[in-house]
Amino acid sequence: MEKGEKSRHHFVVVHGLCHGAWCWYKVATVLESAGHRVTALDLPACGASAARAEEVRSFEEYSRPLLHAVAAAPPGEKVVLVGHSFGGHNLALAMEAHPEKVAVAVFLSAPMPVAGRPMSAVLEQHLKGDSVPDSFLDCTFGIVDRGSENETETFQLGPEWMAQRMYQLSPPEDLTLARMLVRPAQMFLGDEAMTGDKVLTEGRYGAVGRVFVVAEEDKTWPAEEQRRAASSCGPGVEVMAIGGADHMPMFSKPAELAQLLMEVANKYS
């Protein structure tokens, strides 16, 4: 391999709740222009996926596109995983399944699970802070009856909540795009993969380098809460930050985010 080729990385990027691969279009453009490979995934019932939220039976099924993408990395290649918001849970499952194929995992304003604890723990703690009246504004919750199976709860982002709490520093055209493309999703809080305390192990998930990226102007998950969550993940976690970024740094600070990802990839590869 030529020296120049060694600096080229394969980024596998995962969207957050209700979003899709489309939210990475700016960052992917910067990374690809710099010579890197980017795989932006649509998880089931998200983006251009033909599935509906209520058809996704488990968190493992929801994570399969990522699990397959990481497993498909050729021998000797390690991918750089990037998960935004709820997508941090998908990263954790892929790291546990294929630690030998991951150079580093970047949690972008995303819950970072702790080995030996339920993956849902960080998210549930965060949601407790959002239990006050009007905290979700015009977001909506729905119940889907599956007959003999357990009922499924879906969640859809509201346009006002997106404008005030997620995209407040992002270009207005990106907020408009998001309002057109977001879809109902599940949080899988009762799923075995989310509630089990033996799903993530120190020897596999914990063996992968992890970077927590704080969005300094995040109104969905305040920066100080993000830092407290990162500090509980152990001394091996590197914490970085993007100033002036709302909950959607890929829109509010795409160039800065892309530069940070390239620096992380160079450091951990």
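Where does A45 lie? A45 sits in the loop between β2 and α2, and point 5 comes back to this residue. Here are some notes to read beside the model.

1. Ground rules. This is a predicted model, in which local features need pLDDT of at least 70, side-chain atom pairs count only at pLDDT 80 or more, and totals for chains, interfaces and linings use all residues. Residues are numbered from 1 along each chain as its sequence is written, and side-chain values use heavy atoms, with hydrogens and water left out. Helices (H or I, at least four residues) and strands (E, at least two) are DSSP runs, numbered from the N terminus.

2. The sheet. Six strands make up an open sheet with parallel pairing, in the order β2-β1-β3-β4-β7-β8. The edges belong to β2 and β8 (238-242); each has a single partner strand, so one side of each has no neighbour in the sheet. From one strand to the next, the twist averages 20°. Two strands are taken as paired if DSSP finds at least two bridges between them. Strand β1 (residues 10-14) runs parallel to strand β2 (residues 37-40), and four bridges join them; V12 has T39 in β2 as its bridge partner. Towards β8, five bridges connect it in parallel with strand β7 (residues 209-215), and A215 is partnered there with I242. As background, side chains in a regular strand alternate between the two faces of the sheet.

3. A β-α-β unit and its helix. β1, helix α1 (residues 25-33) and β2 together form a right-handed β-α-β unit. Right-handed here means that, with the strands pointing away from the viewer, the path from the first strand over the helix to the second runs clockwise. The helix of this unit also packs against another one: α1 and helix α10 (residues 254-268) have axes 9 Å apart, at an angle of about 50°. That angle makes α1 oblique to α10. Axes are lines fitted to C-alpha atoms, for helices over the stretch in contact, and angles between N-to-C directions run from 0 to 180 degrees. Angles under 35 degrees count as roughly parallel, over 145 as roughly antiparallel, 65 to 115 as roughly perpendicular, and the rest as oblique. The crossing of α1 and α10 is right-handed.

4. Helices α5 and α6. The axes of helix α5 (residues 159-166) and α6 come within 10 Å and cross at roughly 140°; the two are therefore oblique to each other. Their crossing is right-handed. D174 is found in α6 and is buried, with a relative accessible area of 1%. Buried means under 20% relative accessible area and exposed over 50%, with partly exposed in between (1.4 Å probe, protein chains only). D174 and V104 are 70 residues apart along the chain, and their C-alpha atoms are separated by 28 Å.

5. Most residues other than glycine have a negative phi, and most peptide bonds are trans. A45 is not a glycine, yet its phi is positive, about 70°. A45 is also buried, at a relative accessible area of 3%. F188 likewise has a positive phi, of about 60°, although it is not a glycine. The loop between α6 and α7 is where F188 is placed, and its relative accessibility of 8% counts as buried.

6. Aromatic pairs. Rings of Phe, Tyr and Trp (its six-membered ring) pair if their centres lie within 6.5 Å; planes under 30 degrees apart count as stacked, over 60 as edge-to-face and the rest as tilted. By this rule the count comes to 13 aromatic pairs. One of them joins F59 and Y62, whose ring centres are 6.1 Å apart with planes at 40°, so the pair is tilted. These two are three residues apart in helix α2 (residues 59-71), which separates them by about one helical turn. Both F59 and Y62 are buried. F59 also pairs edge-to-face with F188, at 5.7 Å centre to centre and 65° between the planes. This pair links distant parts of the chain, as F59 in helix α2 and F188 in the loop between α6 (172-181) and α7 (192-195) are 129 residues apart. The relative accessibility of F59 is 0%, which counts as buried. Elsewhere, W22, Y25, Y167 and F251 form one aromatic cluster.

Definitions and conventions. Left-handed = near helix turned anticlockwise from the far one by under 90°.
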